[in-house]
Amino acid sequence: MHKKIRLFGRMIVRKTISRKDGFTSMITNFEENQSLLHILFAYVDSLTVGPVPAGTGRPPICRKALLKCFFVKTVFQIHSLRKLTRFLHQYPLFRAFCGLSAVPHISTFSRVGTWFREKGLSLIHEQVLQEMNVGLIPCVLIDSTALRSSLYDSQAKWGKSTRYRWYKGYKAHICSTPEGVILSYAFTTANVHDSQIAPALLQHVKDRNVLFSIADAAYDSQHIYEAAGACNIFPVNPLNPRKGKQTKNSHRRVLSHFLQTTFGRQLMKERGKIEQQFSKLKDQGLEQPRWYGQNRYLLHVQLVLLIHNIAYLF
């Protein structure tokens with residue numbers, strides 16, 4: 001028994017789900033993802049990305065086509081490059097719409113994946129933000145979310161979160177607008193404290209005319225206040241009661257009064273929006289508890305966040 005579904009106006013066949021077929025469940029919700037793939041592929045076609053440098057005896061492959069393959073991998077949550085190549089072999093129409101005449105070798109995907117992870121996706125992320133023309137940003141939200149990984153992941157570390165208590169994995173540190181546009185992010189192991197990453201996140205947005213940064217009590221730290229001040233940003237966060245003796249700090253003294261004002265209380269209400277964003281991102285597959293390998297997880301997180309931002313352009 002087969003069920004027919006359409007891919008960009010063309011008919012493809014999805015087999016009934018069985019234990020032997022590992023991909024049928026991946027496209028069960030294809031019709032919901034089809035419009036997203038339309039958006040992603042249209043945006044990739046507008047990019048200027050050079051081909052993969054050819055190895056000995058191999059013709060160059062367009063990075064745009066390979067980026068489309070990585071988007072397919074992310075949208076359908078395909079766990080490995082080996083499974084991605086099998087998927088493209090099994091469904092030739094996906095391969096054709098990605099712009100490939102043949103499925104590249106897994107080493108090609110691995111090589112271009114490294115380039116995207118280290119350089120390419122960051123450049124595309126900045127280009128997306130430029131095309132958004134965000135302009136004046138009254139405030140940004142800063143927080144981190146726990147990303148569990150496989151217990152067999154030797155590169156992951158143990159950390160503590162409000163929801164999971166102790167867990168093994170990583171963290172995604174995010175600076176976003178209240179509307180959900182991700183301005184900067186960082187990926188670390190779970191044992192890295194949130195306050196260590198905040199200065200770098202603020203540094204990335206210092207040229208975007210940000211007025212306030214809003215965070216939780218974990219970011220009540222002198223070095224964050226100094227980093228924010230250097231970027232002309234006023235950091236707003238609850239005062240950590242464990243640091244009560246540090247009231248001599250000038251910013252904490254001003255902040256304690258500011259939080260009692262009507263405007264200060266209104267700003268703090270914005271803080272809950274980043275938790276809603278994390279929930280939405282995890283629904284989109286940001287967290288993969290069975291995965292292992294820091295570089296592999298990082299590339300996946302970068303792709304999910306890029307897809308999230310591209311959707312705001314359409």
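Rings of Phe, Tyr and Trp (its six-membered ring) pair if their centres lie within 6.5 Å. By this rule, the structure holds 18 aromatic pairs. Phe 70, Phe 109, Trp 115 and Phe 116 make up one aromatic cluster.

This is a predicted model, in which local features need pLDDT of at least 70, side-chain atom pairs count only at pLDDT 80 or more, and totals for chains, interfaces and linings use all residues. Residues are numbered from 1 along each chain as its sequence is written, and side-chain values use heavy atoms, with hydrogens and water left out.

Helices (H or I, at least four residues) and strands (E, at least two) are DSSP runs, numbered from the N terminus. Axes are lines fitted to C-alpha atoms, for helices over the stretch in contact, and angles run from 0 to 180 degrees between N-to-C directions. Contact means heavy atoms within 4.5 Å.

Helix H2 (residues 63-75) meets helix H11 (residues 294-310), with axes that come within 10 Å and cross at roughly 95°. H2 and H11 are therefore roughly perpendicular (65 to 115 degrees) to each other. On the H2 side, the contact includes Leu 67, Phe 70 and Phe 71; on the H11 side, it includes Leu 303 and Ile 307. The contact has 10 nonpolar, two polar and no charged residues. Here Ala, Val, Leu, Ile, Met, Phe, Trp, Tyr, Cys and Pro count as nonpolar, Asp, Glu, Lys and Arg as charged, and the others, Gly among them, as polar.

H2 also packs against helix H3 (residues 81-90), at an angle of about 105° and with the axes 11 Å apart. H2 and H3 are therefore roughly perpendicular too. Cys 69, Phe 70, Val 72 and Lys 73 of H2 touch Leu 81, Leu 84, Phe 87 and Leu 88 of H3. Seven of these residues are nonpolar, none is polar and one is charged.

**Charges over rings**

A charge sits over a ring if NZ of Lys or CZ of Arg is within 6 Å of the ring centre and within 35 degrees of the ring normal.

| Charged residue | Ring | Distance to ring centre |
|---|---|---|
| Lys 68 | Phe 41 | 5.4 Å |
| Arg 296 | Tyr 292 | 5.1 Å |

**Two buried residues**

Leu 281 lies in helix H10 (residues 272-283). Leu 281 is buried (under 20% relative accessible area), at 2%. Its contacts include Ile 174, Ile 182 and Leu 305, not counting residues up to four places away in sequence. The C-alpha atoms of Leu 281 and Leu 305 are separated by 7.8 Å, though 24 residues apart along the chain.

Ser 161 lies in strand S6 (residues 157-161). Ser 161 is buried, with a relative accessible area of 15%.

Methods:
Angles under 35 degrees count as roughly parallel, over 145 as roughly antiparallel, 65 to 115 as roughly perpendicular and the rest as oblique. Rings of Phe, Tyr and Trp (its six-membered ring) pair if their centres lie within 6.5 Å; planes under 30 degrees apart count as stacked, over 60 as edge-to-face and the rest as tilted. Buried means under 20% relative accessible area, exposed over 50%, partly exposed in between (1.4 Å probe, protein chains only).
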